[in-house]
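I opened the notebook to work through the fold.

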Amino acid sequence: MELISENKVFGGWHKRYKHASTVNNCEMTFAVYMPEQVKNGAKVPTLYWLSGLTCTDENFMQKAAAFKYASQHGIAIIAPDTSPRGENVADDASGAYDFGLGAGFYVNATQEPFSRHYNMYDYITKELPELIEAHFPVNDKKSIFGHSMGGHGALVIGLRNSLEYESISAFAPIVNPVNCPWGQKAFSGYLGDDVSIWNQYDATELMQASCYDIKRPIKIDQGNADQFLTSQLKPENFIQAATANNFEIEYQSHDGYDHSYFFISTFVEQHINFHAKYLK
């Protein structure tokens, strides 16, 4: 790993690193916040953050105002990039924001030319945790949360790997990508025409099929002024699937809030408090 930058904040350290990724066949960047508790030799739990379309590791770390609460609870935050990057990494031919660079959708692509680099599912579930656990003072407790496309990733990864994560949460997640334009575009490009593969990366389909080993606690917050609520996010589909499956979800709709980091920063304390209950 190569250290890119470091900044002290709330007694801990925010650091950015880059490294050669085996699964994505390119250089990847990620950010880590380590709370001050680690200076006394303590190993802390980890909370993985997955960002949304067009974002990098920097958006959450700079805009969410999460460090104070992570420091209070002694939790490390890990923020990976949203996709592979580099001159040789395939991108959308038109430069669209919702496919290609910045839009990895946390899947393992099966279609050329994307299958060589776009393996974000394995990167988040295998390669990055192994790197973190080998080089940082963390214990075996971890949880996951995210926003929009990252909320989709958090729900899918948390459900499919429910023995690995203590809790799951999301801000304005894409819960049913097989039934929305963002998801249909991404899945057809990365995964081809086999809808059975699409369903493996759809939180609503996974919930309907009970694709989890244990019912981990899930929290979702959604702004009702979100411009993507009806066309892309469709939280009611996931809630209905969970209700039918007797899976209790902590869901809250908030008047006037949109899809931005103003929304995230308003409720990030609640999310970190939620995860802290299960990480300790």
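The model is a predicted one.

Sheet. I traced an open sheet of nine strands with mixed pairing. The order I wrote down is β1-β2-β3-β5-β4-β6-β7-β8-β9. Which strands stand at the edges? They are β1 (2-9) and β9 (249-254). Each has a single partner strand, so one side of each is left without a neighbour in the sheet.

One pair. I picked β4 (residues 44-50) and β5 (residues 76-80), which run parallel and are joined by three bridges. Thr-46 stands opposite Ala-76 in β5.

Helices on the sheet. I noted that α4 (residues 149-160) packs on the sheet and touches β4, β6, β7 (168-171) and β8 (218-223). The direction of α4 makes about 135° with that of β6. Helix α3 (residues 120-135) lies across β2 (12-21), β3 (26-34), β4, β5 and β6 (138-147). I read about 55° between α3 and β3.

Whole protein. I logged ten helices and nine strands. The C-alpha trace spans about 50 × 45 × 35 Å along its principal axes. How does the radius of gyration fit a compact globule? With 280 residues, such a globule would have a value near 19 Å; the protein has 17 Å, which agrees. Of the 280 residues, 59% are buried. The accessible surface comes to about 11,300 Å², and 46% of that belongs to carbon and sulfur atoms.

Notes: Residues numbered from 1 in each chain as written. Predicted model: local features only at pLDDT ≥ 70, side-chain atom pairs only at ≥ 80, totals over all residues. Heavy atoms only, no water. Pairing = 2+ DSSP bridges. Helix = DSSP H or I, 4+ residues; strand = E, 2+ residues; numbered from the N terminus. Contact = heavy atoms within 4.5 Å. Axes fitted to C-alpha atoms, helices over the stretch in contact; angles between N-to-C directions. Rg over C-alpha atoms; globule rule 2.2 N^0.38 Å. Buried < 20%, exposed > 50% of the residue type's maximum accessible area, 1.4 Å probe, protein only. Areas by Shrake-Rupley, 256 points an atom, 1.4 Å probe, with all protein chains shown as cover.
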